[in-house]
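Trainee: I'd like to learn how to read a helix and its surroundings. Can we go through one together?

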Amino acid sequence: MIDNEYLESLAAFVCSDDTSPSAVSIEERYTLRRAWDTVCLHSTVKHAINSVPHYRALAQESPDIPLLNKLSDLSTLPVLTKGSIQQCPRSFISSEVATTSIRCTSGTTGRRLAIYGCAEEEAARDALARAKWGRAFTQDKDIVLRIIPPMRRLLSDRTQTSVIQLTAIYSYDFPHYQRFDFEDFLAQCIFDEYPLRGTLGKVTVIHITPPFLVFPITSRLSARGVDLRRSHVRAICVSGGYISHRARNLVMESWGVPLVSSYSCTEVLGGARECSATPGIYHFDETILAEVVNARSGQPCRLSERGLLYLTSLYPFQQAMPMIRYDTGDIAELAESPCVCGEVGTSVKIVGRRVHCIDLSHILGKAWFLGTTDLETIVGDMPFVPFLPYPRFRWTLSGRDDGGSDIRIDIEVQSRSALDPSAFASELARRIVSLSADLRDVHGEGRLGVCVTPYDKGDLESHFQLLRDR
Ligand SMILES: [Zn+2]
């Protein structure tokens with residue numbers, strides 16, 4: 001059992017950003033963080049076996065399951081899939097706490113899943129926030145405008161939230177059958193004054209899901225003559241997708257504020273914020289234990305290898321429905337920790353959904369996938385590749401008679417007639433093999449080729465990203 005006093009004292013150490021010589025060094029904080037993870041993991045497994053039917057049954061079937069006194073023991077536990085929770089969701093709810101909140105996955109990555117929460121975990125998260133930043137989530141003075149697509153509203157909601165939150169639903173296809181002035185409505189939401197908590201407040205944070213909505217919202221508001229720099233917004237936060245340099249630049253130029261991105265999944269509370277020093281790298285917070293695992297061997301990935309991303313929610317931050325080794329369905333690359341920015345949590349680069357990635361491990365001789373974020377980065381500065389809502393493409397890996405392999409990519413461009421298809425194809429292929437030294441090597445040896453076929457916009461019928469993991 002971790003009480004809040006213990007939590008706060010340990011968090012004060014772990015999260016200290018005091019850089020004076022007498023303060024804890026980054027190496028010491030790294031060591032403390034591992035100790036923190038170990039203590040929380042032990043408590044998580046104990047709590048799960050004592051009060052969650054699924055884990056109690058697991059412990060009865062395998063009495064030799066250790067209570068996990070060291071982090072490396074984690075890999076001895078089975079992986080938890082979304083499918084197994086869907087088969088019997090109630091067996092994952094703790095009998096020890098009263099559930100007081102519900103949140104749901106959106107359904108965009110398969111059938112929706114309801115996840116239950118409790119007041120005790122909210123209190124633990126507030127205690128951690130106080131230890132880290134000197135304030136609880138509940139004392140936050142921000143007014144958050146949450147902009148979400150219709151699917152989110154229908155299928156996902158958090159009934160318990162302590163931050164003042166407005167919600168606007170924004171459909172990307174909306175203008176096609178628009179019946180009222182949505183941009184004007186959004187501008188009102190952002191610039192109105194709200195008499196809340198005994199004072200007048202305006203929206204200070206805008207949270208947009210998925211990130212590409214930043215483009216139509218910003219450009220349409222600007223086109224209406226709305227001066228976005230005059231708002232009280234101090235940050236635009238995005239989650240649930242890839243962040244491009246185009247989006248960062250647009251937000252800074254139009255809003256004059258930073259674009260803050262985070263990685264999270266509805267099933268596991270907490271998440272990973274994007275590194276302040278290295279865009280594209282995400283650091284997991286103190287509430288989650290993240291593993292990047294070799295998809296073939298099940299062994300932990302080494303630095304710069306790419307594998308399956310499993311998350312374990314840590315006690316006491318997720319108690320009602322603890323998740324141990326939850327398979328996120330994402331591929332991640334393991335990055336350096338501690339990071340140059342001072343963060344000591346597990347660091348990853350998100351590569352893409354597993355069903356959308358190409359496994360090149362057997363060709364490169366190391367755990368490695370080519371992912372959708374690679375392609376999105378590569379075409380980010382190619383204006384003739386349509387980017388909204390995302391580049392439309394499909395790709396496969398096929399074997400050749402000579403034992404080599406080819407990556408075949410079909411991708412939509414604005415207009416085939418407006419470009420030299422063979423020059424475009426060779427440029428895209430060059431950029432892909434330039435992603436890593438290993439790719440360059442196997443390409444140079446003739447063992448891996450890249451064949452690109454451009455399609456006119458709208459001609460690629462079976463864009464692979466649709467509903468593949470249902
Ligand atoms: Zn960092």
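Trainee: Which residues are exposed on the other side of H8?

Mentor: Ser219 and Ala223. Helices are DSSP runs of H or I, at least four residues, and strands are runs of E, at least two, numbered from the N terminus. This is a predicted model, where local features need pLDDT of at least 70, side-chain atom pairs count only at pLDDT 80 or more, and totals for chains, interfaces and linings use all residues. Residues are numbered from 1 along each chain as its sequence is written.

Trainee: And which residues of H8 are buried?

Mentor: In H8 (residues 214-223), they are Val214, Ile217, Thr218 and Leu221. Down the axis of H8, these fall within an arc of 90°, so they line one face of the helix. Their cover includes strands S3, S7 and S8 and helices H7 and H9.

Trainee: How do I describe two packed helices?

Mentor: By the angle between their axes and the distance between the axes. H7 and H8 pack at about 90°, axes 10 Å apart. That makes H7 roughly perpendicular to H8 (65 to 115 degrees). Glu183, Leu186 and Ala187 of H7 make the contact with Ile217, Arg220 and Leu221 of H8 (contact: C-beta atoms within 7 Å).

Trainee: Where does pLDDT stay under 50?

Mentor: Residues 13-22 are one such stretch, and residues 154-162 are another. pLDDT is the predictor's confidence in each residue, from 0 to 100. Where it is low, the predicted coordinates should not be read in detail. The chain's mean pLDDT is 84.

Conventions: A residue is buried if 20 or more other C-beta atoms lie within 10 Å of its own, exposed if 12 or fewer, and partly exposed in between; C-beta atoms are placed from the backbone. The arc is that of the directions from the helix axis to the C-beta atoms. Two residues are in contact if their C-beta atoms, placed from the backbone, lie within 7 Å. Axes are lines fitted to C-alpha atoms, for helices over the stretch in contact, and angles run from 0 to 180 degrees between N-to-C directions. Angles under 35 degrees count as roughly parallel, over 145 as roughly antiparallel, 65 to 115 as roughly perpendicular and the rest as oblique.
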